[in-house]
Amino acid sequence: MSGDMNAVEQLHLALQQSFSPDASLRDPAEESIKHLKFVPGSTQMLMHIIGEQQVQKEVRQAAAIQLKNLVRECWIERTSYFDGLAIPNDDSESPKPPLLSQEDKDVVKTKMVDCLLNEPEKSVRDLMAETLHCIAVHDFPDKWPQLIPYLLEAISKSNDPSQALRVHNALLALRKVCKRYEYKSREARGPLNEIVISSFPLLLPLAQRLSGPCEHSLEAAMMLKQILKIFWSSTQFFLPTGNNTDGTVSTTPSPALANPSAMEPWFEVLKSVLVKPLPEASTGLEPANQPTSKEEREAWPWWKVKKWAAQIMTRLFSRYGSPEYAESEVKDFAKYFSQNVASSFLGPVCETLNLRPSGQFCTDRVVHLCLNFVDLAVELAATYKLLKPHMDFLLYKVCFPAMCLSAKDIEEFENDPHEFVRRQNCPLADFYDPRMSGGCTTIKLVNSAVKWRGQDTMQPLLAFLTEILQRYNSTETGRNHIEKDCALLTFGSISDSLLKKKKFATELEGMMVTSVFPDFNSPVGFLRCRACWMIQHFSTMQWSDDGTHLQGLIQMVLQRLSDPALPVQIEASKALRYLIEVDGAEITLLPVLPQILSEYFRIMNEIGNDEVVAALQVIIDKFGEHIEPHAIALVTQLSTAFKNYIDAGEEDDDAAMAAAQCLECINTVLKGTCERPELYKGMEAELVPLILKVLGSDGEYLEYIEFALDTLTFLTYFPLQISPQLWEAFSLMFVAFDGYAFDYIMLMVPPLNNFIFKDPQCFLNSVANLPDGQMRYLEMIFVIVQRTLCEDRSSESEQRKALTLYMSVLHNCTGQVDHVLTAINDVALAKLGQQANAAKSNTRHVIFQVIGSCMYYNPELEIKELENRAVTQQVFAQWLNEIDTMDDWLSQKLSVLGLLSVIRLPASSLPQHLANMIPNIITSTVNLATKMKADAENGQAEDGAGHIEAEDDDDDQEWEGFDEDQDVVDCNDEAYMSVLSKLSAGGVGGDMAQFLVGGDWDDLDDEDDFHSPIDNIDELHFVNDILKEAYAREPEIYQQVQAALPPVVVASCQQLFNAADASRS
């Protein structure tokens, strides 16, 4: 088929016409391309077009895109799994695309590598490399063993200048294969270890040559960049090891990497790269033709190489700079690194940081990475000793200038305030701009210097900053506003350290009064903005006067809410969030609360900013009791703001975050007014459409579903009745769960339980029209529980949460759902069988809650279900065996109600093996009820106990931190590295992805959000009534039972009877 040139020409024409502005040509072309996957040999035709260099670049790009899509869709069968059945992902109404034949696959793998190696066009080359990665995921190494040898053969010809393109592209392909294993656990990195062993002896000499003083070409930089990226993918989480003969990962270090002498040449490469001079183009020196614009410089290959070198250095330091935190198998390497390598890296890093102070260019990203390295070096004694003489240079010549506002910042502040605010709040800005506030690299380094080495840095830094402020205040003309702004930024950034020391109190108060208060009325907008920012960092400062300073400060912040500059308004709104917590602030703020709320909504209408909405949330929470008159108006405004923000589109991340914050703020209003649930009715007109919109948009608003479900929980829990409009959310939750929101089961269960609890009859009688037909609400509940328990991706805590839905049905629908007991037992007992020997008992206890609910609902039917499965004795024996380990109230209560429900039946009607267990059942439930009574009494006593005052922080130590001979010991670092070590040893599941995402938080069950009619059942009364009724019904049998009970249990029974009688009287 590949030789059919007519078909190739037709495909070429279709790809070309897909760009046509003429719809009559474009639409048929797009339609034919869409069905390309059904055309035999289409991959080979696409390869032919991609490989023809004379073909128009855009057509080749389109062919490369289609090839990548075909490989992704048709290389292997794509399936999802539910209930053990493979279900195709594709729409059942459309034909299923055929898989590529083995012949097509072999041709693609062979021709594509050759095509990639010869491709000069970057866009096409990158698409081909991504296609290679897709294939490697499925076929490498088992079905594609020749790939790496072929790539290495191409790389081995690096001495031939004519082969430069093929060498670079082979390195690119090798990086794509290595990247597949970058985040794998140690046990799954066998193929990567083999790649390292076979390729690094070839890559190291090449890297040494390319990083040498005689290599200046862009081709050399591009190849070197790929080599460093391969090194990064191979080492950033684990130092590669060797493999055993059977292919499993060996614990023996690989000779290619994991010993210090083998790593040293790589360290020299990194240092050579970082110190390589990159002269301006005007000098005519090599490497020549450095671009002049900042954007082009940052994309220039030689700066990219420096970025990767600095990134690898910093990563190695963070992993191996502290031997005490290193995994046991690399401790020796970590000792070598901390004693020898880290110090040797410090020179090139500081030399790079000196570029800007000496008037030379350096990219923001490289500065950021080098500052990160120095931040780590401050903590290690060996490197700090070398840094100490240069700390003034680093703090005042590197960090301080980097923190200053640039001319572009000021221009943006004045002419594009929305963009200025967006950049100030962008969480990724720190990776590209080391000056941006927030997690700023420079601020972090200054903080580390003060926190860890305060005895050397604090006093000189304070003197430096104070001198700037004094110089500004003593000058009337020609003031350096930018310098003052940066001094205040630095003061605010180290506020935690300053506020800990009582001796600074007077100086700080003086600084605020003389250098910050006047700036609230400064003609310089960014100084007004900085004044509001300073309040956020010094709001907890104790004022020595009669409260005048605080009242004046609050008034100044309130005035800035209506400042002409938007960034000032934003910072003022955030500042008020902190001032509101200060003692005495409420007196000033409460009378103007309506005006404050109006200002916040005006700002929110101007720009979507989640911190502004968060500040409003704090105000609402603080003035909860005074919010009620404004509650409906608040919810209306917040709902309107939410709608405006989501209409801003997916591209506006700030608006998206602000929209989520609006929903959270609405929930704060609902929380503050929950004691007046009648107010909720006035809010439903706004909130119900909002909830239905989020739940009913087929995942379009998935990022808001968490908050919408919280809102739904409030509206279904506190009002006495649920409106018909709100009931529409029930079926929408099911559709969302079934389609795209499976992971939100934990948040769906509480409102589902509330629906059942508030109106069981409506729940039982309701039917929804779904895309696949009608379904009863009761059936939806059972589908949700069954799917949650059957899905492998469900955590144990999610499965336990889902099981509470069974309990809601049983507790609220008494006598009306006999027919579902079989289904409940099928699921619950199957899960119990899986959990029989589990180390943690949490899930078993919830299953016993379900069985206890069944017993309480109808003991006769439940015992019949157990007998039909021949598991009665086994279930009750395990239940009784675990009853003493049940610490949560719900498991205890349902064990009492469920087990004692056996005695509600005549003893003669019970299976003999169960009747024989009656003395044990009574003993266990009486002991458990006694324990519950004691726990309740102890809990009341503890509620009345006073607090133990926390001790004041020790202020005797003059400076924070460690001596220069000490490594910094940080408890947060210890905790992090401990988890990382467990990960490496397989103790956290052995998978990097699991560590990054988080494991199963197995102990986070919350029984407080489960409510049902059994809340009103007093277990003491239940024990009293059931035992007395049984004795009255069958006195002879229960006299024998009593005789078989231990005396202490009989005595406990009498005590419980007396307590029950006393509580009733």
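Colleague: Let's start with E1034: is it buried or exposed?

Modeller: This is a predicted model, where local features need pLDDT of at least 70, side-chain atom pairs count only at pLDDT 80 or more, and totals for chains, interfaces and linings use all residues. Residues are numbered from 1 along each chain as its sequence is written, and side-chain values use heavy atoms, with hydrogens and water left out. Buried means under 20% relative accessible area, exposed over 50%, and partly exposed in between (1.4 Å probe, protein chains only). E1034 has a relative accessible area of 12%, so the call is buried.

Colleague: Which residue does E1034 meet in a salt bridge?

Modeller: A salt bridge here is a side-chain nitrogen of Lys or Arg within 4 Å of a carboxyl oxygen of Asp or Glu. E1034 has a partner at 3.3 Å, N to O.

Colleague: Take R602 and E599, then. How many residues apart are they in helix α30?

Modeller: Helices (H or I, at least four residues) and strands (E, at least two) are DSSP runs, numbered from the N terminus. An α-helix has 3.6 residues a turn, so residues three or four places apart point the same way. R602 and E599 form a salt bridge, with the closest N and O atoms 2.9 Å apart. Both sit in α30 (residues 593-606), and their spacing is about one turn of the helix, or 3 residues.

Colleague: Are α31 and α34 roughly parallel or roughly antiparallel?

Modeller: Two packed helices are described by the angle between their axes and the distance between the axes. Axes are lines fitted to C-alpha atoms, for helices over the stretch in contact, with angles from 0 to 180 degrees between N-to-C directions; under 35 degrees is roughly parallel, over 145 roughly antiparallel, 65 to 115 roughly perpendicular, and the rest oblique. Helix α31 (residues 610-622) and helix α34 (residues 653-672) pack at about 5°, axes 8 Å apart. They are therefore roughly parallel.

Colleague: How many nonpolar residues does the contact of α31 with α34 have?

Modeller: Contact means heavy atoms within 4.5 Å, and the residues making this one include V613, L616 and I620 of α31 and M657, C662 and V669 of α34. Ala, Val, Leu, Ile, Met, Phe, Trp, Tyr, Cys and Pro count as nonpolar, Asp, Glu, Lys and Arg as charged, and the others, Gly among them, as polar. Besides 3 polar and 3 charged residues, the nonpolar number is 9.

Colleague: At roughly what angle do α15 and α21 cross?

Modeller: The axes of helix α15 (residues 364-379) and helix α21 (residues 441-452) come within 9 Å. These helices count as roughly parallel, because their axes cross at roughly 10°.

Colleague: Last one: which residues does L147 contact, leaving aside neighbours within four places in sequence?

Modeller: L147 is in helix α7 (residues 147-155) and is buried, with a relative accessible area of 1%. Its C-alpha is 8.7 Å from that of K109, which is 38 residues away in sequence. Its contacts are V113, L132, F140 and V177.
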